[in-house]
Structures are given as structure tokens and as C-alpha cells.
Amino acid sequence: MGKKDIIKSISYNQHKIIKDIADLYNDGETEFDLDITYSEGKFYGGHNYVNENGEKETLLIKQPKYKCDVAPQFDDVIAIDPWGSLPFDDASIQTIFFDPPFIISPRTCPSLLEDTNNNCKTFRRFSGYYPVNELLDSYKHWMEECFRILKHDGYMFFKCQPTVTGSKELNSHHWIWFVAESLGFDLLDEFVLLTKQRLISGKVDKQQHARKFHSYFYVLKKSTKKKIPYLNFMKNEEITVFVNSFIENNKGRKNGENLKYRNEIKPQTHVMTRNEKEKYFCGKENEETDGGNDFPDYTPPLSIMENASEELLKEDNF
Ligand SMILES: C[S@@+](CC[C@H](N)C(=O)[O-])C[C@H]1O[C@@H](n2cnc3c(N)ncnc32)[C@H](O)[C@@H]1O
């Protein structure tokens, strides 16, 4: 392979990225098994491309074997339910493309219905999610479904893009990495699709964030051997045992020398219940079990750990 042929992580052309994905992850074959957000099928067909040397090329991406969408636009596209299963057996598919909506907006908001200036073109064409957690939940749902139907070494190619909603950055690609790795996918590769043009809303008076001129194609490989269960948090009893034994094990290190932290850290007697955590972090109250009690004396277990490590570091024990 010469320098000119090297596959790069960035491109201004999405068909070039799809061709590169085919070369690296599908033995050069541009026919993929399944696209579950087929829509108008813009990923496929013949496309002109000017390479870095200014030479014209035609990139041919074959139609996928199976096509699905929640709102099919062609007869050969299978209709799927937004929260349903994919109509395929477990471990039966080798490659899947997924290109879901990334816009957060109520589907019935007046500015959308009366969009005379065409500001909401992308939303109306591809739909969107509302509120934010619907997007996160939906992405998780489809990653789980794809994981189920993929063969043991199959690939999911996830097109995603950061956005801004309610004046906050929504870096959904971080969520995708986290959920994917927790399920047992390995994030093998990341292609950045750059663009020179974007629709600019006339509504914004003062810009707060950089307008995003890029999106990603994430390459996720089903790979249970490397699974890291990030989403399996320690149970309360396990945290108590862990913290108490940490303190116990570090008492009197350095041949019984009385370390400074020894008298300052008390063993853990209370750890947050799930309801308490929800209330503390999410402002939720579960009336059934905790009756909305306050817990002003609560000290999160982690703060004990932090104090402990600070003291240990001061003493130069580690
Ligand atoms: C960005 S478009 C896909 C464009 C497509 N790759 C193409 O080349 O034409 C997003 C697609 O996601 C579908 N969609 C909308 N809501 C969805 C949901 N909740 N779950 C899965 N797909 C959804 C839309 O019907 C639309 O076809």
C-alpha cells in the first residue's frame, strides 16, 4: 500500500468512508447485510468522488441485503417499530448500518409545524427525539437489538453526530461508546465525516457553542471476550465491605506506625440506597419506599475514599 492509498480517519465524503469501512471490515465487499435506518438509501449506489490527487473516481456501494426503517419509503424496506425487535434471528447477521436521528425537538412544537423558512428541514425529513433521554434510550435499545442479531464477530456501523440542545452540548458519541462497551461491543474504529456546509438557523442571536461541522462513523465489533460491565455497579453491601476493608487493611501500615488518617476515618455505617441515590442525583422521590425523607448527614462513600487516598499520599505510603 502506497502513501496515497492509506485509509484515513477523516473525509469530506461519506461514500469514501463507507468504501473504507468495506475495505477494512468487510473484505473489500461493499454489500453489507442490513441497514435498519434505510430511509432514502443515500449511502448506496454510484457516487463520483475526487480523490486527494484531484483524480475522479466512481465509488459503487451496493444495496444492502436487507433494509428496515420505522417509516419505510420503498416496498422492499421492512417496517420496524421504534421500540420493537428486529425481524432477524439471534447471531444471524454479519454487518449492520445504523444512522438514527440526532435532533432533539418536540414533534408538535409550533416552530416546527409553522416552519415557513425551512429551518427544521432536517428534522422533518428524518424525525427526531424528545426529550433528550428518549434519544439515549433509543440508541441503547437499537445497540442491544443489533448486538442480539449480530454473529459473534459481526459489526455495527453507527453514524452519529454531536448536537446542542437546551444550550447544552449533547455528545451522544460518548454515550454510544459507554453503552456499546458495556454490552460487549469493542469500539474498533472511528471515522470523522467533515462538511463544508451546514444549515445555519436564523433564530440564534448570540452563538454559545461551535457549530458542528462533523459527524462520526463508529465501528463497533461484537466481541464478548473483551466485555467490561461498566453498567454493573457495586451493590450497597459490597460498597460497605469494600470501604471497611480498605480502611482496615491500611491501618497501621509501615510496621504499626500510627498513620495520621487512622483516627480520622470512621468505618462506613450507611451507604445510599438506590432510592436515596435517585433523590440525591436526579431529584426524584420514590414515595413507596423512602417516603421522601431527607438525609442531611449522608457522606457519599467516594468522599471517604478520596480523603483516605489523600492522607495516604501525604504519608508517602503508596
Ligand atoms: C438520518 S435518517 C437515515 C438516512 C439514511 N441513512 C439515508 O441514507 O437516507 C434517520 C432514519 O431514522 C429513522 N428513525 C426515526 N426515528 C427512529 C427511531 N426511534 N428508531 C429508529 N429509527 C428511527 C427515520 O425513519 C430515518 O429513516
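Where does Pro131 lie? Select it: Pro131 is in the loop between helix 3 (121-126) and helix 4. The peptide bond from Tyr130 to Pro131 is cis, with omega near -10°.

Before going on, note what kind of model this is. Residues are numbered from 1 along each chain as its sequence is written. The model is predicted, and local features need pLDDT of at least 70, side-chain atom pairs count only at pLDDT 80 or more, while totals for chains, interfaces and linings use all residues.

**The whole chain**

Show the protein chain as a cartoon. The chain has eight helices and twelve strands. Helices (H or I, at least four residues) and strands (E, at least two) are DSSP runs, numbered from the N terminus. Of the 318 residues in the protein chain, 20% count as buried. A residue is buried if 20 or more other C-beta atoms lie within 10 Å of its own, exposed if 12 or fewer, and partly exposed in between, with C-beta atoms placed from the backbone. Among contacts in the protein chain with a separation of 6 or more, 73% are between residues 24 or more positions apart. Two residues are in contact if their C-beta atoms, placed from the backbone, lie within 7 Å.

**Helix 4 and helix 5**

Select residues 132-149, which form helix 4, and residues 172-183, which form helix 5. Two packed helices are described by the angle between their axes and the distance between the axes. Here the angle is about 35° and the axes are 10 Å apart. Axes are lines fitted to C-alpha atoms, for helices over the stretch in contact, and angles run from 0 to 180 degrees between N-to-C directions. Now show side chains: among the residues that meet are Leu135, Tyr139 and Phe147 in helix 4, and Trp175, Ile176 and Leu183 in helix 5. By class, this contact of helix 4 with helix 5 has ten nonpolar, one polar and two charged residues. Ala, Val, Leu, Ile, Met, Phe, Trp, Tyr, Cys and Pro count as nonpolar, Asp, Glu, Lys and Arg as charged, and the others, Gly among them, as polar.

Next, find the open sheet of eight strands, with the order 1-11-12-8-7-2-5-6 and mixed pairing. Which strands stand at the edges? They are strand 1 (10-11) and strand 6 (78-79), each with a single partner strand, so one side of each is left without a neighbour in the sheet. Two strands pair if DSSP finds at least two bridges between them.

Select strand 7 (residues 93-98): five of its six residues are buried. Strand 7 pairs with strand 2 (residues 34-35) in the parallel sense over two bridges, and the bridge partner of Leu34 in strand 7 is Ile96. With strand 8, strand 7 pairs in the parallel sense over five bridges. There, Phe97 stands opposite Phe157 in strand 8.

Move on to strand 8 (residues 150-160), which pairs with strand 12 (residues 214-222) in the antiparallel sense over six bridges. Strand 12 also pairs with strand 11 (residues 185-194), in the antiparallel sense over nine bridges. In that pairing, Asp186 stands opposite Lys221 in strand 12.

**Tyr216**

Select Tyr216 in strand 12. Tyr216 is the bridge partner of Cys160. It is partly exposed, with 19 other C-beta atoms within 10 Å. Leaving aside neighbours within four places in sequence, Tyr216 is in contact with Cys160, Gln161, His173, Glu190, Phe191 and Val192. Tyr216 and Val192 are 24 residues apart in sequence and 4.7 Å apart in space, C-alpha to C-alpha.

**Two loop residues**

Select Asp27, in the loop between helix 1 (14-25) and strand 2. Asp27 has a positive phi of about 55° although it is not a glycine. Asp27 counts as exposed because it has 7 C-beta neighbours inside 10 Å. Then select Ser167, in the loop between strand 9 (163-165) and strand 10 (168-170). Its phi is near 65°, a positive value in a residue other than glycine. Is Ser167 buried or exposed? Ser167 is exposed, with 7 other C-beta atoms within 10 Å.

**The ligand**

Finish at the ligand, with 16 residues around it, of which Thr37, Ser39, Lys42, Pro82 and Asp99 come nearest. A residue is near a molecule if its C-beta atom, placed from the backbone, lies within 6 Å of it. By class, the shell around the ligand has seven nonpolar, five polar and four charged residues.
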